[in-house]
Amino acid sequence: MSNKIEGGCQCGAVRYSSSVAPSITFNCHCTHCQMASGAAFTTAVAVPQGTTEITGSTMVHTLASDLGTPVHRHHCPTCGSYVYGISEGFGATAFNAVTLDDPSWVKPEIEVYVSSAQPWAHLQPDLPKFDQLPPMGEDDSSL
Ligand SMILES: [Zn+2]
Ligand SMILES: [Zn+2]
């Protein structure tokens, strides 16, 4: 099974691919992810910004991260799927893992923003958990 980053929205109007391996894959329990996806959390496959090819126009909702930097959430304007987010603070594009053509290889490595996790969400017992984001160096652009 190849860990291919290739996918798109439910109706096919938005398509994406990236040729690099994910820098990190994580479950995000932040309220923004919950509202964007309509689920208890999102699983995100993050790659460095600029390593992606994206076609189709998107509806963009921009929010401030709690670092104060903008996060642009891209939805398909036709089917509404939350497809990806771009975090300016981390210089990363995070694809919503469920929009991959084949999400079966995805293995979340950490869980973030568990401070806002829903009490009915299932957290994976073996994964490192962080109330917000994990501590990281100034030049770490992995999330
Ligand atoms: Zn669509
Ligand atoms: Zn989130």
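Helices (H or I, at least four residues) and strands (E, at least two) are taken here as DSSP runs, numbered from the N terminus. On that basis the protein contains one helix and ten strands, and along the sequence these follow the pattern β-β-β-α-β-β-β-β-β-β-β. The radius of gyration, taken over C-alpha atoms, is compared with a globule rule of 2.2 Å times the number of residues to the power 0.38. The protein has a radius of gyration of 14 Å, close to the 15 Å that the rule gives for 143 residues, so it is as compact as a globular protein of that length.

The model is a predicted one, in which local features need pLDDT of at least 70, side-chain atom pairs count only at pLDDT 80 or more, and totals for chains, interfaces and linings use all residues. Residues are numbered from 1 along each chain as its sequence is written, while chains are lettered from A and ligands numbered from 1 in the order in which they are written.

The C-alpha trace spans about 35 × 35 × 35 Å along its principal axes. Two residues are in contact if their C-beta atoms, placed from the backbone, lie within 7 Å. Among contacts with a separation of 6 or more, 55% join residues 24 or more positions apart. A residue is buried if 20 or more other C-beta atoms lie within 10 Å of its own, exposed if 12 or fewer, and partly exposed in between; 34% of the 143 residues count as buried.

Arg73 lies in strand S7, which covers residues 70-75. Arg73 counts as buried because it has 23 C-beta neighbours inside 10 Å. Beyond its neighbours within four places in sequence, Arg73 is in contact with Ala36, Val60, His61, Leu63, Tyr82 and Gly85.
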